[in-house]
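Have the structure open beside you as you read.

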Amino acid sequence: MNDTTAKYLALENCIALNVPAVNPSIRAQEVKMQKILKLLASSITALARSVDGKDMTDEQQDALALFCNVQFEINCFRKSAVRPTLNPKFAGLCRTSSAQPPTLLFGDNLPK
């Protein structure tokens, strides 16, 4: 699968498809989920490249929207799965955000 996914890296302007790494202080079982999300991101990218943006069918648009929503929901699940292990004062970092996706799952300023 690595060869196939390497062909479909997310485009630079699709940063929401990049899989945020888990903050180093939280790692554990998270690696498996990141692998799943990388496969999903490659699938989304392959589908997006296979269609012409001007002539997309409703089904193609729906498929892309659904795949992207799955990615978002998995990232929300990742946060909620880690939440019980966090110090309560950091629990707010686990809330769902519509802001720009971070490069790290809980944001780049977790140690602060």
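## What covers helix 2

In this predicted model, the cover over the buried residues of helix 2 includes helix 1 (2–7) and helix 3. Those buried residues are Glu30, Gln34, Leu37, Leu40, Ala41, Ser42, Ile44 and Thr45.

## How helices 2 and 3 pack

Two packed helices are described by the angle between their axes and the distance between the axes. For helix 2 (residues 30–50) and helix 3 (residues 58–82), the angle is about 165° and the axes are 10 Å apart. Because an angle over 145 degrees counts as roughly antiparallel, helix 2 is roughly antiparallel to helix 3. The crossing of helix 2 past helix 3 is left-handed.

From helix 2, the contact draws on Glu30, Met33, Gln34, Leu37, Leu40, Ala41, Ile44, Leu47 and Ala48; facing them in helix 3 are Ala63, Leu64, Phe67, Cys68, Val70, Gln71, Ile74, Asn75, Phe77 and Arg78. By type, the residues of this contact comprise 14 nonpolar, three polar and two charged.

## A look at arginine 78

Leaving aside residues up to four places away in sequence, arginine 78 touches Glu30, Met33, Gln34 and Leu37, along with Val19, Pro20, Ala21, Val22 and Leu105.

How values were computed:
Residues are numbered from 1 along each chain as its sequence is written. This is a predicted model: local features need pLDDT of at least 70, side-chain atom pairs count only at pLDDT 80 or more; totals for chains, interfaces and linings use all residues. Side-chain values use heavy atoms; hydrogens and water are left out. Axes are lines fitted to C-alpha atoms, for helices over the stretch in contact, and angles run from 0 to 180 degrees between N-to-C directions. Helices (H or I, at least four residues) and strands (E, at least two) are DSSP runs, numbered from the N terminus. Angles under 35 degrees count as roughly parallel, over 145 as roughly antiparallel, 65 to 115 as roughly perpendicular and the rest as oblique. A crossing is left-handed if the near helix is turned anticlockwise from the far one by less than a right angle, and right-handed if clockwise. Contact means heavy atoms within 4.5 Å. Ala, Val, Leu, Ile, Met, Phe, Trp, Tyr, Cys and Pro count as nonpolar, Asp, Glu, Lys and Arg as charged, and the others, Gly among them, as polar. Buried means under 20% relative accessible area, exposed over 50%, partly exposed in between (1.4 Å probe, protein chains only).
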